[in-house]
Structures are given as structure tokens and as C-alpha cells.
Amino acid sequence: MQSKIPVGILGATGVVGQRFIQLLENHPWFEVAWLGASERSAGMTYAEAAKWRLKTAMPERIAHMKVAAAAPDGAPRVIFAALDAAPAREIEPRFAQAGCAVISNSSAMRMDADVPLVIPEVNTDHVRLIERQGSRKATGGFVVTNPNCSAIGLVIALAPLQKKFGIDKVLAVTMQAVSGAGYPGVASLDILGNVIPYIANEEAKMEEETRKLFGTLDAGGVRPADFAISAQCNRVPVEDGHTESVYVALQKKAAADEILAAWREFRTEPQELKLPSAPDPAIVVDAAPDRPQPRFDLDRGAGMAVSVGRLRPCNVLDWRFTVLSHNTIRGAAGAALLNAELLKAQGYLGD
Ligand SMILES: NC(=O)c1ccc[n+]([C@@H]2O[C@H](COP(=O)([O-])OP(=O)(O)OC[C@H]3O[C@@H](n4cnc5c(N)ncnc54)[C@H](OP(=O)(O)O)[C@@H]3O)[C@@H](O)[C@H]2O)c1
């Protein structure tokens with residue numbers, strides 16, 4: 001039996017770090033061998049350092065592991081990173097320079113010209129940008145990123161429409177869960193019984209990341225897709241799950257049946273390669289008029305499937321519909337894990 005690849009988690013104590021631990025428990029290819037966090041946590045056991053927020057128990061083996069400082073000495077060659085953006089900008093390149101494959105959730109480097117921003121269902125070809133990174137040439141290390149948690153659901157829902165009909169314009173209005181802000185995140189007095197119509201930098205991230213994900217590789221990096229997109233982002237008192245109202249104009253006119261078929265038939269590389277974390281189907285189409293809802297529909301495909309529903313004609317653009325995705329699984333740790341599985345399948349993580 002082949003042994004598993006040892007992996008590390010940077011930012012292991014946070015909301016996304018905990019999801020990594022949960023998703024990597026019993027993973028067929030990867031095994032957690034190292035945990036890193038801030039100076040606050042370094043030297044403690046994981047059980048002492050982390051305020052565990054998940055419904056499954058903290059794995060016993062992990063609870064006893066010591067948390068290291070966020071430096072590459074002694075860390076394994078494959079690192080899942082869930083650091084806040086400011087420290088990520090400093091720390092992730094150090095790991096890449098030390099020869100690590102850094103599979104990052106942070107926004108810090110997503111838009112860098114030589115850094116792939118990848119959803120395995122959408123743009124596997126962008127992975128090749130790795131070869132343009134200085135660290136890759138020097139030590140073999142590199143950084144690959146996954147998108148923001150609100151961009152990923154939108155882009156997966158749009159991907160079959162872009163492929164079959166072409167996208168002309170998109171409007172998206174989000175209702176985003178509190179877990180998207182990390183822990184402790186938004187104060188309960190600010191969010192209980194309330195809606196906050198502002199999430200710092202989120203709208204710009206949704207817009208620019210969506211266009212990069214649908215972009216074309218060229219000599220300068222990725223030439224963004226040229227459709228117009230406008231996003232409005234709201235924080236709502238939901239624990240997990242980002243819901244989005246989406247309006248789209250298509251380049252080629254499509255009937256409702258054709259759009260529904262495009263969603264239902266959407267199978268790409270992760271499903272064909274049977275990557276361990278790939279949901280199949282990647283998109284679940286809801287027929288009920290009042291679905292999808294985060295309370296009931298969030299865990300489809302073990303939190304990796306994107307739900308769409310309420311497709312109907314729009315009086316302003318062509319079509320409108322609702323999208324739901326799990327922000328800390330499909331929108332964060334699960335997205336990075338699927339990227340790692342793709343990288344392994346493509347030979348970027350060694351044999
Ligand atoms: N939550 C989501 O739904 C979501 C979705 C997509 C992407 N993301 C992104 O993923 C990243 C992590 O988010 P999160 O929600 O997990 O945040 P979080 O709960 O606040 O956790 C942050 C993690 O970063 C560590 N950290 C903070 N400052 C550090 C430093 N200077 N050096 C080393 N480690 C440091 C913390 O360690 P200590 O515990 O030791 O302080 C903790 O492990 C962010 O970039 C976020 O934007 C989050």
C-alpha cells in the first residue's frame with residue numbers, strides 16, 4: 001500500500017483550518033503531519049490553541065499535536081494555508097521559496113499575474129501558471145489559490161452557461177453566512193436580527209476573481225473574461241452557507257430547459273478523474289420553488305456541490321436564479337483540498 005503524503009496546515013486553529021483538519025481526517029492521499037499558526041498558539045497543543053467550532057469531534061491524534069510557528073523549517077512539502085490575508089502575503093511566499101507547494105485560501109496572492117486562481121471544475125489549464133513563479137524555478141515550491149467563498153458558488157453555477165451560451169452580463173446579490181468572517185468574526189450584537197450590507201473588499205473580489213477564473217492564459221498571465229459583472233454583498237445571520245440571487249444575460253439565447261440541462265450535465269475533470277473530494281454531480285438543480293436553503297441543502301455532495309434553483313426569466317437581463325454553496329467547505333477548505341487533489345493528479349506533488 002502506498003503511504004500517504006504528509007501535509008501541513010498553516011492557520012490550523014482558525015475556522016478554515018479546522019475544516020481542513022475535518023476534511024483531511026481519513027483522506028485517502030494526504031495525512032496531517034504539521035500544524036502552524038500565530039505566535040499566540042505556537043508551542044501549545046492543538047487542543048489548547050484551537051477553539052473547536054465543528055460538529056464532529058476534534059480528532060484525538062490532532063488534539064495532542066504541537067502547534068508550530070508559521071515558518072517552513074520542519075514543515076512538510078505540501079501546505080494547506082488558511083491565514084488572514086496580511087500575514088499570508090508575507091508567510092506564504094516563504095514556504096514556496098523553501099520548496100513547498102502552498103495551496104492557499106487567502107486573497108493575498110489570488111490576483112498576482114503568476115499565481116493560478118483555480119476551480120478544478122472550471123479552469124484546470126490555469127495551473128500551468130505555476131511554472132512562471134520564481135520559487136518554482138529556484139526550489140520547486142509554488143503557490144496555488146482558490147477563490148473567495150462568494151465567487152466560487154457563482155462561478156460554478158455560471159460555468160456551464162459560459163461554456164454553452166457565453167455570458168454577456170452578470171449581477172449577483174449575496175446573503176453571506178457569519179462563518180465567512182472567521183472566528184470570532186462579526187459581533188453577535190451586530191448581526192443577530194440584522195443584515196449588514198457591507199463586507200470589506202468582497203464585491204471587488206467577486207467581480208475580479210470571477211473574470212480571472214473565466215479568463216484566458218496568455219503571455220502576461222490571465223486575460224480576464226470581458227463580460228460585465230456587478231456584485232452586492234450582505235452579511236446575514238446564518239451560520240454556514242452563502243446564498244446568492246443571480247441575474248444573467250447570455251450571448252446566445254437559451255431556453256429554460258437548455259439551461260437546466262447544462263447544469264445537470266455539468267461534469268468536468270474532477271468528476272472524470274474521480275478525485276476523492278469531487279462532488280458528482282457538481283451542481284444540484286432544485287425543482288421546489290422555495291429551495292435551495294442553507295438549513296436544508298448545504299451539505300449536498302459532502303458540502304462540495306453547488307445548489308441552484310428558482311430559474312425564471314428576468315425582466316431586465318435574460319434569466320434569474322438562486323445559488324447556494326458551503327462557504328467553509330466548497331468556498332474554502334474543500335476547494336483547496338480539491339485543488340491539491342488536482343495537483344497530485346497532474347504530477348505537481350511528486351509521485
Ligand atoms: N471563513 C470562510 O468562509 C473563508 C472562505 C474563503 C476564504 N477564507 C480565507 O481563509 C483565511 C482564513 O480565514 P478564517 O475564516 O479561517 O480566519 P480565522 O478563523 O480568523 O483564522 C485565522 C488563522 O490565521 C492564523 N494567523 C493569524 N495571524 C497570523 C500570523 N501573523 N501568523 C501566523 N498565523 C496567523 C490564526 O492563528 P491563531 O489562532 O494563532 O491566531 C488562525 O489560525 C482568510 O484569508 C480568509 O479570507 C475564509
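Author: Helices here are DSSP runs of H or I with at least four residues, and strands are runs of E with at least two, all numbered from the N terminus. A word on the model: it is predicted, with local features needing pLDDT of at least 70 and side-chain atom pairs pLDDT 80 or more, while totals for chains, interfaces and linings use all residues. Residues count from 1 along each chain as its sequence is written, and side-chain values use heavy atoms, leaving out hydrogens and water.

Reader: What makes the phi of N201 worth a remark?

Author: Its phi is positive, about 65°, yet N201 is not a glycine. Most residues other than glycine have a negative phi, and most peptide bonds are trans.

Reader: Which peptide bonds are cis, then, and where do their prolines lie?

Author: One runs from D280 to P281, with omega near 10°, and P281 is in the loop between α10 (269-272) and β12 (283-285). Another joins R291 and P292, with omega about 10°; P292 belongs to the loop between β12 and α11 (294-297).

Reader: What is the shell around the ligand made of?

Author: There are 28 residues around the ligand, each with a heavy atom within 4 Å of it. T13, S38, R40, S41 and L83 come nearest. The shell divides into 13 nonpolar, 13 polar and two charged residues, with Gly counted as polar. Helices α1 (15-24), α4 (85-97) and α12 (329-345) each supply at least two residues, and α4 gives the largest share, three.

Reader: How do you know that β7 and β11 pair?

Author: Pairing takes at least two DSSP bridges, and eight join β7 (residues 167-176) to β11 (residues 242-250), so these antiparallel strands pass. V170 stands opposite V248 in β11. Eight bridges also link β7 to β10 (residues 228-235), which run parallel; there, K169 has A228 as its bridge partner.
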